[in-house]
Amino acid sequence: MSKTRRISCLAAAASVLALAAAACGAPEEEDNDRGAVPDDATDCANYEQYGDLEGETVTVLGSIRDAEADEMTEAWEYFQSCTGATVEYEGTGEFESDMAVRVDGGNAPDVALFPQPGLMSNFTDTLVPASEELTALTTEGWTEDWVNYGTIDGTLYASPHSSNAKSFIWYSPTFFADNGYEVPKTWDELITLSDTIAASGTTPWCAGFESGGATGWPGTDWIEDIVLREGTDLYDQWVSHEIPFNDPRIVAAIDKAGTVLQNEDYVYGGTDTISATAFQEAGFPIQTGDCAFMRQASFYGAMWPAGTNVAEDGDVFAFRFPETNEGDNTMLVGGEFVAAFSDSEATEAFRQFLASELYHNARLQTGPWSTARQGVDPANATTPINVFATEILTDPAVTVRFDGSDLMPGAVGASSFWTGIVQWVDGDKTSQQMADDIEASWP
Amino acid sequence: MNISAYLDRFGLLGLGLVAFAAVLLALYGLAELASRRDRNRAVAFVFLAPAVLFLLIGLVYPAIRTVVMSFYDSKTENFVGLDNYIWAVTDPDALQILVNTAMWIVIVPLVSTALGLVYAVLIDGRAGEKVYKALVFLPMGISFVGASIIWKFVYQYNGAGGEQIGLLNQIMVWLGGDPVNWLNAQPWNNLLLMVVLVWIEVGFATVVLSAALKGVPLEIVEAARIDGANPREIFWNVTVPSIRSAIIVVAVTVFIATLKLFDIVRAMTQGHHGTDVLAHNMVEQAFRLFERGRGATLAVLLFLLVVPVVIYQVRNMRRQEMETR
Amino acid sequence: MSTRTAEQAAAQSAARIGETRGERLRRILSSRVASVVAILIAALWTIPTAGLFISSLRPDDDIRTSGWWNFFADPGSVSLYNYNYVLYSDSQGGGLIINLINTVVITIPGVVVPVAFAALAAYALSWIKFRGRNVLYVGIFALQVVPLQMALIPLLSIFSSGLHIGGLTLIPAWDLEGVNTLIQVWIAHSIFGLPLAVFLLHNFMRELPSDVMEAARIDGASHSQIFRKVVLPLVTPAIASIAIFQFLWVWNDFLVGRTFAPGEATRPLTAVLGDMAGTWGFGWTRLPAAAFIAIIVPLVVFLLLQRFFVRGLLAGSVKG
């Protein structure tokens, strides 16, 4: 037996041992914020309207994976056991290309959870429009802003699923209480407070745009938040390209973001670290008192290290991105939309189920989640930040606008906008150059 | 774990294998029948039918479809002539992709083959040669996705001051420098991605070239030495020419693999920060940006880049044909 | 002369040549420098994989906060938790055991079918005389470069809606569901593996001595008999090496599996790897263990069968 052979046999033996050792039993699941399906959602009487779907299967494709997917499918369990239908969920990290291949190949899933409504418009030829019942459920369940994002050319195709509030600024309530600071209500108050904190020797802001291949997206949210507060009309025109990307008002908004992001006195670690700081960990210095603010969506609540008390009176929490104009009440949002490629009875029933108050209330309780579904009780959410987000999202008085980079064409929203903002924050491009270059890349 | 889940899958496997055995038997019977009548064409037909049928459906038809699509717009509705090709050679982003691809197909085959040759020479006849070979050969068995995860632990970057978990940055810190966000650092990030492919391909080059080295006839080397050639001259004038065809096979194989490279870019940078290449951007255009015409055009460019290799292969075959006849 | 003795003779002379060349080389580069360089390259090539293996054995927090080399300073914390989790957890981020089985079920026919069909085709292309033989061979060779990605949609649409020309149905829709969709993956892998397999096997079969073939013909053997009794035994090493090549390719494939076997239940291992980290990438600490599970099988197969692989590769391609 040669030496190589002997080494390879050893390697084989070692690996078999490793697998066998691992086989000592299923692992214990961590149980952080997991809740349970509430009682009314376990009662089959509430599912009678969907009829008997014994033997039917609904395939679902979405970008939600891992623990979140477990919590989501848990909320679907009673739909399955009560109607007899089987729901097969598949989570993918390559949602866009998987969808494109499967739809073009004639093998579309029955239901798709689109993370960007803009992407849906590429599939209108094959999408099944909402039925009358579903349209009624959706218009009753969501505000007009939301319904519009599920509508293409006047036809409703999709009802919203989860929603998250993006116009959030994270801070430390303890740090604020210790120093007697108050949550700012306007942009000017925010800047004044930032100056105060900077003068006291603490860098007020944390920021991190690094996100692997999607590096830059946290920066696009910054610009969107500011443009939205200059006026919802301006925001809509900008997103739909009725005005060019390098419109003077947009350039001014980028400059305004620069008063924070390009201010050496403001940014923890220096502005040149922003593009290379992972967004997931960018806010951690808030806990240690090394910075005071970070702008990031409500889902950031799940990213704090284990043991962090995320609550209004806890270690960290978020306040709403302040308004520029008196009387405005806006919120930048993200979320999924439920679209279908099949008109089978089970698919229709499942779509109606996903649009129902029953489901949204149940899903709020199976794990950290937020929704804009009218009629749910925000207090059902499992974490304080999701209670807060759901309260805002379900408030009809709030004007919501969807994340603009998700609505722009992919060549901009998932490409040149990202790279542009990175070059800008690195100081390689001025606001004008960045806007000009992005405008040039608009297809 | 659900036992029936295992049974389902292995049952299917068993059934599939039995069905396939039946197909092979049927083919063999048919070939035998045709052979009895000594009709070469009929026998050739039976032998070739399964492969040709598969290839027609799975590759020839898609290839033709792709060529046609490259002359149409993003929805394959309107004929646009050469617009997509003009885009590919004039648009700055597209040009960047072509330049990157050109760098890849020059650098990776060259470096992989050269390193493989040097290593093969260095370990030739050395004690433990097989172990040396096996160590370098290992990465060939690793998937691109696996390789990307492996290299994440090399290139990973944590902000200055933080604990580094990427080996390269830890080395930077040990040497007293600052950590660098390698994968965002243009244009060097391109080279760092190439390193991953070189890492995979060198083993292949080493093994093939090392075996070829052992086939160099001793007499020629002896004759050269008697003629007074120094070792370097022997290496360049005797050894390298003797294994020339092996070197070319290695370079061509690596060249094709490089041209088709998709996964490493996908998993490590998704083509951002100026690292996009032809095969990756083709997928990006076709499936994420819904520019089907452009995606198809990039695919056609990919075919065209391999045409010289095909021509070379054809000539090679002709030459052999001459030699045998 | 039997092939076995020829092989042995070749091996002996190769060893002799190797030694003398070794001596010569030690004069070119001083032996010590050569040793150092060789060891350095070997180490550089091994370190990344070793890092992955060590990472896979460390607890989550350690992976997240410190480099794997710290393991040597503090080797106390070895944990199989991640292996356990990724293999057996019921969560979406685990349960790889079923994907591992999918990969096995996909790989076996995914190797056997194309290699068998390629052997038949390569024989016809090398030893049966018929018109258009060379054109066909060059065509098959050229198909190696068709980008796989462009073939996904047409092939998928044949499976899901059939192939029709005008009103004529050439291939009906397959309508496979659940586990049965794995059949589509077998066929896709068989198709995509064929060009290279035909090319390599053809190169190899052409090198067989023609007098052996002639003798068999004169004895009255038919093509199918020659193929089975003469050619197959002679090309076994080549078939083994091509099978290993195809095995590596199928096992490591990422796109074909996730396209043709959609659904959580039928995905192969590699297709799941990239998605394991979760929606926000927090589970990335599980990746080393998952990746190691995915690479250990091909590595072991590879190391054990290396000899065949090299031999077949050489005979088949070096002369071409």
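How many residues of chain B are in contact with chain C, and how many of chain C with chain B? Select both chains: 94 residues of chain B meet 99 residues of chain C, where contact means C-beta atoms, placed from the backbone, within 7 Å.

Before going on, note that this is a predicted model, in which local features need pLDDT of at least 70, side-chain atom pairs count only at pLDDT 80 or more, and totals for chains, interfaces and linings use all residues. Residues are numbered from 1 along each chain as its sequence is written, while chains are lettered from A and ligands numbered from 1 in the order in which they are written.

Still on chain B, pick helix 2 (residues 40–69). With 18 residues, helix 2 gives the largest share of the side of chain B that touches chain C. Helices here are DSSP runs (H or I, at least four residues), as are strands (E, at least two), numbered from the N terminus.

Next, hop to chain C and colour by secondary structure: you'll get 14 helices and two strands. Of its 320 residues, 53% are buried, meaning 20 or more other C-beta atoms, placed from the backbone, within 10 Å of a residue's own.

Last stop: helix 14 of chain A, residues 357–366. Nine of its 10 residues are buried, so helix 14 is largely enclosed by the rest of the structure. Among the buried ones are A:Tyr359, A:His360 and A:Arg363. To see what covers them, show helices of chain A including helix 3 (66–83), helix 13 (345–354) and helix 15 (384–393).

Definitions and conventions:
Contact = placed C-beta atoms within 7 Å. Buried ≥ 20, exposed ≤ 12 C-beta atoms within 10 Å, placed from the backbone.
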